[in-house]
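Have your viewer ready and your selection tool at hand. We will go from stop to stop, with a note on what to select and what is there.

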Amino acid sequence: MSDPNKKYDDKLRPHVYDGIQEYDNHLPNWWLWSFYGAIIFSVIYWFSFYDAEIMKSDTDIVDAQMAEVEEIRLAAIGDINSDALWQMSRNPGFVESGQVIYMEKCAACHGPDLKAGGGLAGVNLVDAEWIWGNQPMSIYDVVTNGSPDKTKGMQSWVAELGPKKVSQVVAYVLSYHTEEGMAEATTLNTPVGL
Amino acid sequence: MMAQPRKPSLDSVTSINEDGSRFIIHPADAQGNFKRWRRVTALMLIGIYILLPWIPINGYPAIFLDVIERRFHLFGFTLAAQDMWLLFFLVSGVAFTLFYITAFLGRIWCGWACPQTVFLEHVYRRIERWIEGDAPKRRQLDAASWDGTKLWKRLLKHSLFIVISGLIAHMFLAYFISIPQLWQWMHEAPTEHWGAFVFVFAATFAIYLNYTWFREQLCIVICPYGRFQSALIDDDTLNVAYDYQRGNPPGHVKDQEAGDCIDCKRCVQVCPTGIDIRQGLQLECIGCAACIDACDEIMDKVERPRGLIRYASDRNLEGHATRWIRPRTILYTGLLFLGIAVAGFALTSVENVVAMTTRMPGAPFYVTDTHVRNQFQIRVVNKATVDTTFNVMVQASGLTVPIETSGFENGVTVTPMDERNGTFVVQVPREAFEGSFPFLIEIEAEPGGARIIREVEFLGPDPRLLKGD
């Protein structure tokens with residue numbers, strides 16, 4: 001320590017690259033400790049993530065959230081039956097919401113007057129003939145899961161609309177019918193959704 | 001033993017002791033023109049930082065990066081997530097501006113505008129000075145044993161630091177959730193908004209730790225800008241520099257042989273990163289000009305001309321004039337205008353509305369007794385501040401087959417900042433179908449008159465299959 005030049009020589013590392021040399025100064029302690037901390041953290045993290053299952057993996061988190069979505073969906077369906085749909089179809093607020101959805105999504109095929117025809121792709125929704133069942137729950141099922149006949153182009157709407165909007169749009173269609181009238185209508189195939 | 005100011009050397013960093021522990025730098029106060037203008041600049045910048053979320057423009061804060069709704073309001077201009085590509089101009093623009101300014105003025109950003117310097121020198125260190133006194137007093141307090149005076153001074157200082165760090169963190173969050181939302185969240189339980197609460201808590205802690213303890217270490221060890229310095233500056237770049245020709249050799253004021261530097265070490269005492277500017281340009285130098293003020297004050301006292309330490313380029317120090325116009329700055333200026341032109345063109349091409357077409361889930365096409373049918377979903381986004389109606393049609397020109405469409409007959413009206421997903425069905429009569437063909441869907445938005453055109457493919461079976469029966 002008495003000779004400052006000697007210390008200087010010791011600190012200078014022998015290697016030279018392109019004329020550049022470096023000193024062997026002590027790294028800042030805060031830097032070292034953050035580095036040691038990162039090593040310790042990585043071990044704990046690795047252990048808790050992959051071995052101890054203390055932390056949930058991404059797959060578990062997604063699965064849990066999907067289960068939650070499914071639970072809410074099932075709960076909503078549980079409340080829905082033909083009687084409930086009839087009640088909704090007599091509620092102006094419900095029918096109005098359903099109309100907005102209908103005009104945006106359904107009118108392209110079933111027509112703004114629900115009669116289809118004139119080259120439109122869909123089926124008439126206000127006549128006395130139902131292809132997949134004359135019960136409200138059958139209509140609900142077709143909107144939710146799509147037409148059982150996959151060549152017709154009626155897609156499953158539940159992913160886009162969710163159960164609540166599906167029931168609103170079904171209520172809008174039912175608002176053109178009466179319970180008695182529907183019961184007398186013909187059904188062409190085995191009814192679905194019952 | 002009280003820590004004395006360390007003698008800076010080019011071999012190591014002053015703020016790190018030989019054993020790796022921190023050496024706390026207590027810079028003395030320098031008074032002067034640069035100090036005054038830096039303070040004005042800093043207060044203005046802090047004012048801008050605090051005020052931007054409060055100023056409403058077109059119904060939204062001047063800057064509101066609404067990450068929840070994915071809408072970005074910038075000075076009355078609203079961008080959606082779909083406009084994210086414009087971020088290219090922001091990122092490359094900021095980087096280029098740094099290059100451009102550095103070519104002329106060196107690390108002017110560090111000393112005058114960087115939040116690290118602005119908050120540290122003009123807020124935190126001012127409070128520290130106010131409570132603990134000037135540099136020698138602060139050193140004394142560091143060395144003193146923990147008596148009542150030290151305890152209350154430190155308590156007061158750290159409490160104020162935490163409060164201010166909290167304010168900075170809250171203002172930062174306000175840029176992303178807006179002031180009213182922030183105010184509301186602050187009145188609700190932390191459990192209601194865990195994410196935001198943890199963020200503000202962690203940010204407050206990080207800001208507090210940074211400005212209380214970490215300080216110049218960020219500039220010296222972490223910030224890449226200082227490391228770029230060696231590549232970004234050249235012989236004509238202005239730096240805070242010591243005029244070695246005039247100053248050397250340092251000596252007593254009465255020594256006729258000595259240069260103008262009287263070796264008073266005032267420039268070393270005021271340096272916030274602990275360097276001796278007389279040893280030349282170093283990466284620790286943040287260009288804060290404190291040593292310029294300090295030296296000018298001394299030069300006035302010894303009645304020698306100011307500017308022994310000043311903003312000067314290497315060429316200037318060698319006795320020549322700084323060349324402002326040189327190939328590099330000409331090239332940079334050209335690139336700057338090119339960048340501004342391209343960014344301006346890109347910004348003006350951003351529409352207030354967005355429309356996208358996708359094929360509906362299910363089969364790619366349907367064949368009925370009369371028609372071949374393709375089903376599309378058209379997603380329209382209204383970024384404008386008024387209701388917008390979208391009309392959709394197929395461009396007829398150039399089509400060889402008759403086409404029938406349904407959906408969007410009466411248009412779809414979308415409220416501001418909302419989006420809709422509507423069904424659009426395209427049909428071709430069976431006998432007219434001659435095979436798949438591309439066609440254009442045109443989406444018109446009123447008011448505004450924006451027209452968005454999307455090319456899609458009409459798909460169908462081999463036409464021979466349809467004509468067989």
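## First stop: B:Val380

Select B:Val380 and show what surrounds it: leaving out residues up to four places away in sequence, B:Val380 touches B:Val353, B:Ala355, B:Phe390, B:Val412, B:Val414, B:Glu419, B:Arg420 and B:Ile443. Touching, or being in contact, means that the C-beta atoms, placed from the backbone, lie within 7 Å.

Before going on, a word on what you have open: this is a predicted model, in which local features need pLDDT of at least 70 and side-chain atom pairs count only at pLDDT 80 or more, while totals for chains, interfaces and linings use all residues. Residues are numbered from 1 along each chain as its sequence is written, and chains are lettered from A and ligands numbered from 1 in the order in which they are written.

Now widen the view to the largest nonpolar core, which has 51 residues; A:Val170, B:Val380 and B:Phe390 are those with the most contacts inside it. Such a core is a set of buried Ala, Val, Leu, Ile, Met, Phe, Trp, Tyr and Cys residues joined through C-beta atoms within 7 Å. Buried means 20 or more other C-beta atoms within 10 Å of a residue's own; 12 or fewer is exposed, and in between is partly exposed. A second, separate core has 47 residues, including B:Val123, B:Ala169, B:Leu173 and B:Tyr208.

Next, select the strands of an open, antiparallel sheet with the order β13-β11-β15-β16 (chain B). Helices (H or I, at least four residues) and strands (E, at least two) are DSSP runs, numbered from the N terminus, and two strands pair if DSSP finds at least two bridges between them. At the edges are β13 (412–414) and β16 (450–458) of chain B, each pairing on one side only. Strand β11 (residues 388–394) of chain B is joined to β13(B) by three bridges in the antiparallel sense; pick out B:Thr388 and you will find its bridge partner in β13(B), B:Val414.

Move to the open sheet of three strands, ordered β3-β4-β5 (chain B) and paired antiparallel. Its edge strands are β3 (63–66) and β5 (77–80) of chain B. Zoom in on the hairpin of β3(B) and β4(B): four residues lie between the strands, and B:Arg70 in the turn has a positive phi of about 55°. B:Leu65 stands opposite B:Phe72 in β4(B). For the pairing of β4(B) with β5(B), which has four bridges, select B:His73 and its partner B:Thr78.

## Helices in chain A

Which helix packs against α4 (residues 82–89) of chain A? Select helix α7 (residues 158–174) of chain A: the two pack at an angle of about 70°, with their axes 8 Å apart. Because 65 to 115 degrees counts as roughly perpendicular, that term describes α4(A) and α7(A). The contact residues include A:Trp86 of α4(A) and A:Val170 of α7(A).

Stay in α7 of chain A and click A:Val166. This residue is buried, with 24 other C-beta atoms within 10 Å. Among the residues that A:Val166 touches are A:Tyr140, A:Trp157 and A:Leu161.

## Last stop: where the chains meet

Finally, colour by chain: 26 residues of chain A are in contact with 31 residues of chain B. On the chain A side, α5(A) gives the largest share, five residues.

Terms used: Contact = placed C-beta atoms within 7 Å. Axes fitted to C-alpha atoms, helices over the stretch in contact; angles between N-to-C directions. Parallel < 35°, antiparallel > 145°, perpendicular 65-115°, else oblique.
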